[in-house]
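This report describes one protein model, going from its open spaces to its sheet, its cores and a few single residues. Please keep the sequence and the 3D view at hand while reading.

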Amino acid sequence: MKYAIVIPDGCSDEPLDALGGRTPLQAAEIPAIDACAKLGRLGLSDNTPPHLPAGSEIANLCLLGYDPDVYFTGRAPLEAAAQGIELGPHDFAIRCNLVTIEEQVMIDFTAGHVSTEEARELLASAQQALVPEGSRLEFVPGVSYRNLLIYRGEESTPAPFSAETRSSAPHDLTDLPVTDAFPRGPGSDMLVRLMNESFELFADHPVNRRRVEAGERAVTNLWLWGLGGAPSLPSFEQRYGLRGVMITAVDLLRGIAALVGWPRIEVAGATGYLDTDYRAKGEAAVAALADYDLVCVHIEAPDEAAHEGRADAKVEAIEQIDRHIVGPVRQALSDYGEHRILVLPDHPTFCRTKKHTHGAVPFVISGTGIEADGPPSYDEATAASTGRRFDRGWDLMDHFVRSEQTT
């Protein structure tokens, strides 16, 4: 049996006036996913428990079968794993965004998608100017605006942070005041100091002078969030008996893959944004089926479109996923004989609010052993009409890979 999972990140939404009262899924032309619906089973899966943040870190753990109340320690540790950074028992990882804040309002949580090279230059300055010699803090560059801050603790001098330290995801603050969104709780004074001092450091930084001259947004400061200690997850193969592989352009998913024992396939042209090479990701997934039991393809583009409030771009991203990823993967799976495919976003991201939100998302499973319900299409309303629902999203994976017939 061959398996494929396609994760169109954040594609679930609410009806939008800009789309004539339809959701982006309802407005999109998605014949390949609709074919899965007609030949398979639809339902809803809640991957964002109400007592936890409605973020991709929680939702993707749930989606892959891991109870976040058991396995989640924070978003940053997952991204640290993507970079091969090992965290000791007294270490903490902290997500470090480069952002644009004007008059205490989060204008852009990506700082105009600052380049990786510019990010490295800014973080080098922050390390030199803001972190005292011999400190336990180290800025670690990632990709573009997505970076890390690592605190190395010891048993005698553990990190000042704890599970009670609270922080806010900058992508949930778009166009909102940040005054009351700074970190709170144990160790937060250290984080707030770095965030505030970075504003002065970056104000006349050479990177920003070049960006402003080029008509681009300035990087105003660091935003620190998503902190946590070292996670420990059992491998996916231990749990489900399948050798999997991840295809993604996002460090969060790379990190989850590393922690569950999946290798990663890096695809040239995969950007984690709307300009990603959908065709190349689809071709990589088709090729990977020859070597793995399960291929998981994650596409960030619908989520990015929603964060920008662009319903038309979200529809286009969904259509590209259908055409260049789901369609070819579905055909390749059928060539292997026994197979199953699961299409499932991690969480809803509303174009109206430009942020992630709690709530169930539509899933479709089709393939060998799946009795067809025959629904006409894949969308939120049709999935809800089936009455099939997984209130604990992590239970869906067990049904996908183990059940003789998914019910």
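How much space lies in the largest pocket? The model is a predicted one, and in it the largest pocket holds about 630 Å³ of space. Its lining is made of 25 residues, and those closest to the centre are Pro53, Phe72, Thr165, Arg166 and Leu227. Strand S7 gives the most to this lining, with four residues. Helix H4 (68–71) also supplies at least two residues of the lining of the largest pocket.

The structure also has one cavity of 30 Å³ or more. The volume of the largest cavity is about 130 Å³. Seventeen residues line the largest cavity, and the closest to its centre are Arg75, Tyr145, His171, Glu300 and Asp303. Helix H12 (301–307) is one of the elements that each supply at least two lining residues, together with strand S3 and helix H10 (251–259). The largest share of the cavity lining, three residues, comes from H12.

**The sheet and strand S14**

Eight strands form an open sheet in the order S9-S8-S10-S1-S11-S14-S2-S15, and the pairing is mixed. Strand S9 (264–265) and strand S15 (389–390) stand at the edges with a single partner strand each, so one side of each has no neighbour in the sheet. Strands of a sheet pair through backbone hydrogen bonds, in either the parallel or the antiparallel sense.

Strand S14 covers residues 361–367, and six of its seven residues are buried, so the rest of the structure largely encloses this strand. Strand S2 (residues 41–45) runs antiparallel to S14 and is joined to S14 by five bridges. Strand S11 (residues 339–343) also pairs with S14 in the antiparallel sense, over four bridges. The table gives some of the bridge partners.

| Residue | Bridge partner in S14 |
|---|---|
| glycine 43 | phenylalanine 363 |
| arginine 340 | glycine 367 |
| leucine 342 | isoleucine 365 |

Serine 366 is a residue of strand S14. Is serine 366 buried or exposed? Serine 366 has a relative accessibility of 6% and therefore counts as buried, the cut-off being under 20%. Apart from neighbours within four places in sequence, serine 366 is in contact with Cys36, Leu39, Gly40, His339, Arg340 and Ile341.

In soluble globular proteins, nonpolar side chains tend to be buried together. Here the largest nonpolar core has 49 residues, and the residues with the most contacts inside this core are Val326, Ile341 and Tyr378. Helix H13 (residues 311–335) gives the most to this core, with 11 residues. A second, separate core has 40 residues, including Phe92, Ala119, Ala159 and Trp223.

What does valine 326 touch, not counting residues up to four places away in sequence? The residues touched by valine 326 are Val6, Ala32, Ile33, Cys36, Ile321, Ile341 and Val343.

**Helix H7**

Helix H7 (residues 188–203) is made of 16 residues. From its first C-alpha to its last, H7 reaches 23 Å, which is close to the 22 Å expected at 1.5 Å a residue. Which residues of H7 are buried? They are Ser188, Leu191, Val192, Leu194, Met195, Ser198 and Phe202. The buried residues of H7 pack against several elements, among them strand S3 (92–102), helix H6 (116–130) and strand S5 (137–143). Strand S6 (146–151), helix H8 (206–213) and strand S7 (221–228) are also packed against by the buried residues of H7.

**Valine 401**

Valine 401 is part of helix H15 (residues 396–402). With a relative accessibility of 9%, valine 401 counts as buried. Leaving aside neighbours within four places in sequence, the contacts of valine 401 are Tyr3, Tyr240, Leu242, Leu294 and Arg340. Arg340 is also in contact with serine 366, and arginine 340 is the bridge partner of glycine 367 in S14. Valine 401 and serine 168 are 233 residues apart along the chain, and their C-alpha atoms are separated by 35 Å.

Note on methods: Residues are numbered from 1 along each chain as its sequence is written. This is a predicted model: local features need pLDDT of at least 70, side-chain atom pairs count only at pLDDT 80 or more; totals for chains, interfaces and linings use all residues. Side-chain values use heavy atoms; hydrogens and water are left out. Buried means under 20% relative accessible area, exposed over 50%, partly exposed in between (1.4 Å probe, protein chains only). Two strands pair if DSSP finds at least two bridges between them. Contact means heavy atoms within 4.5 Å. A nonpolar core is a set of buried Ala, Val, Leu, Ile, Met, Phe, Trp, Tyr and Cys residues joined through side-chain atoms within 4.5 Å. The expected span of a helix is 1.5 Å times one less than its number of residues. On a 1 Å grid over the protein atoms alone, a cavity is a set of points where a 1.4 Å probe fits but cannot get out, and a pocket is an open set with protein on both sides within 12 Å along at least five of seven lines; lining residues have an atom within 4 Å of a point. Grid points are joined across faces, edges and corners, and a volume is the space filled by probe spheres set on the points.
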